[in-house]
Amino acid sequence: MNKFILSLSVAVIPLFATEFHSYEEALALQKQNHKIIMIDVMRSNCHYCMKMQREVFNNKEMFAWLEERFILAEVNLDFDEVPLGIHVSFTPTFFFVNKEHKIIKKVPGSWGIQDFKDLTKNILPSSSNKIKE
């Protein structure tokens, strides 16, 4: 019985751990590499937030693709203060912040890998300072 429980618990541990930074850590990293910060605003008990984590961020290739383009930050509405005066209607919502601390894109909702790639692939450091829905 103990072997079964141990093997079951090992089976549910993700083989690939994703690392999101706090917004403050992301700002410090941005000074070094000038990437756009992607802020994932979420809640601990949000079904769609957990779905994004499980289906998108826990995918090793997708996470590497995101890390190549962005500094990944997470703000949990249950514990963290929301930066930049951001107002969040629902979770998850993703905000993309340039080096001038301007939100250049907002992507609300939960998405699959390809849809999220399509929504974020053209976000570049030289993007306009206007919010694009």
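The legends below describe close-up views of a predicted model.

Local features need pLDDT of at least 70 and side-chain atom pairs pLDDT 80 or more, while totals for chains, interfaces and linings use all residues. Residues are numbered from 1 along each chain as its sequence is written, and side-chain values use heavy atoms, without hydrogens and water.

**View 1. Confidence along the chain.** The chain has a mean pLDDT (the predictor's confidence in each residue, from 0 to 100) of 86, with 81% of residues at 70 or more.

**View 2. The largest nonpolar core.** A nonpolar core is a set of buried Ala, Val, Leu, Ile, Met, Phe, Trp, Tyr and Cys residues joined through side-chain atoms within 4.5 Å; buried means under 20% relative accessible area with a 1.4 Å probe, protein chains only. This core has 18 residues, and those touching the most other members include Met38, Leu66 and Phe70. Helix 4 (60-69) is among the elements giving two or more residues; its share, four residues, is the largest. Another core, of 13 residues, lies apart and includes Tyr23 and Val41.

**View 3. Aromatic pairs of Phe57.** Rings of Phe, Tyr and Trp (its six-membered ring) pair if their centres lie within 6.5 Å, and planes over 60 degrees apart count as edge-to-face. Phe57 and Phe94 are edge-to-face at 6.0 Å and 65 degrees, joining helix 3 to strand 3 across 37 residues. Phe57 has 1% relative accessible area and Phe94 0%. Phe57 also pairs edge-to-face with Phe116, at 6.2 Å and 85 degrees.

Key: Buried < 20%, exposed > 50% of the residue type's maximum accessible area, 1.4 Å probe, protein only. Phe/Tyr/Trp six-rings, centres within 6.5 Å; stacked < 30°, edge-to-face > 60°.
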